[in-house]
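Trainee: Could you walk me through how to read some features of a protein model? I would like the general idea and then the case at hand.

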Amino acid sequence: VSHDPRGDWRLVVSAGSGGRVIDEMVSKSTCGPDGWATFTADLTKFAGQDVQLRLQNQANDWSNEFAYWGSVRLVTE
């Protein structure tokens, strides 16, 4: 994910009734030199279940909170 250079936003990922699995700010300080950040959530506790994932761009100060999504991937091992 990335952000507008003039602002930031909060990435919130929730899984079913299990609550938030990611709750992180996306900003200049959390993104790399290329302007992007990668976040990973361990969903092991939901193995074998049908779970709805909810990905949110959550406002925090209502100023240039544009979310840029590079990709979303689910990986099994």
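Mentor: Gladly! Let's begin with a cut-off: a residue is called exposed when its relative accessible area is over 50%, buried when that value is under 20%, and partly exposed in between. Keep in mind that this is a predicted model.

Trainee: Then let me try it on the loop between β4 and β5: is Trp62 buried or exposed?

Mentor: Trp62 has 74% relative accessibility, so it counts as exposed. This residue lies in the loop between β4 and β5, and its phi is positive, about 60 degrees, although Trp62 is not a glycine.

Trainee: Which class does Asn64 fall into?

Mentor: Asn64 counts as partly exposed because its relative accessibility is 24%. Asn64 also sits in the loop between β4 and β5, and it too has a positive phi without being a glycine, here about 50 degrees.

Trainee: How many bridges join β2 to β3?

Mentor: Six bridges link these antiparallel strands. Val13 stands opposite Ile22 in β3. The hairpin of β2 and β3 has four residues between the strands, and Gly16 takes a positive phi near 50 degrees there.

Trainee: Which residues make up the largest nonpolar core?

Mentor: That core has eight residues: Val1, Trp9, Leu11, Val13, Ile22, Val26, Cys31 and Ala37. β2 and β3 are the elements that give two or more residues to this core, and the largest share, three residues, comes from β2.

Trainee: Last, the pockets. What is the volume of the largest one?

Mentor: The general idea is to roll a probe the size of a water molecule over the atoms, which shows where empty space is left. In this model, the largest pocket has a volume of about 1,000 Å³. It is lined by 30 residues, and the closest to its centre are Ala41, Leu43, Arg73, Leu74 and Val75. By type, the lining divides into 18 nonpolar, eight polar and four charged residues. β2 (9-15) and β4 (53-58) each supply at least two residues of this lining.

Notes:
Residues numbered from 1 in each chain as written. Predicted model: local features only at pLDDT ≥ 70, side-chain atom pairs only at ≥ 80, totals over all residues. Heavy atoms only, no water. 1 Å grid on protein atoms, 1.4 Å probe; cavity = no way out; pocket = protein on both sides within 12 Å on 5 of 7 lines; lining within 4 Å. Points joined across faces, edges and corners; volume = space filled by probe spheres on them. Nonpolar A, V, L, I, M, F, W, Y, C, P; charged D, E, K, R; others polar. Pairing = 2+ DSSP bridges. Core = buried A, V, L, I, M, F, W, Y, C linked by side-chain atoms within 4.5 Å. Buried < 20%, exposed > 50% of the residue type's maximum accessible area, 1.4 Å probe, protein only.
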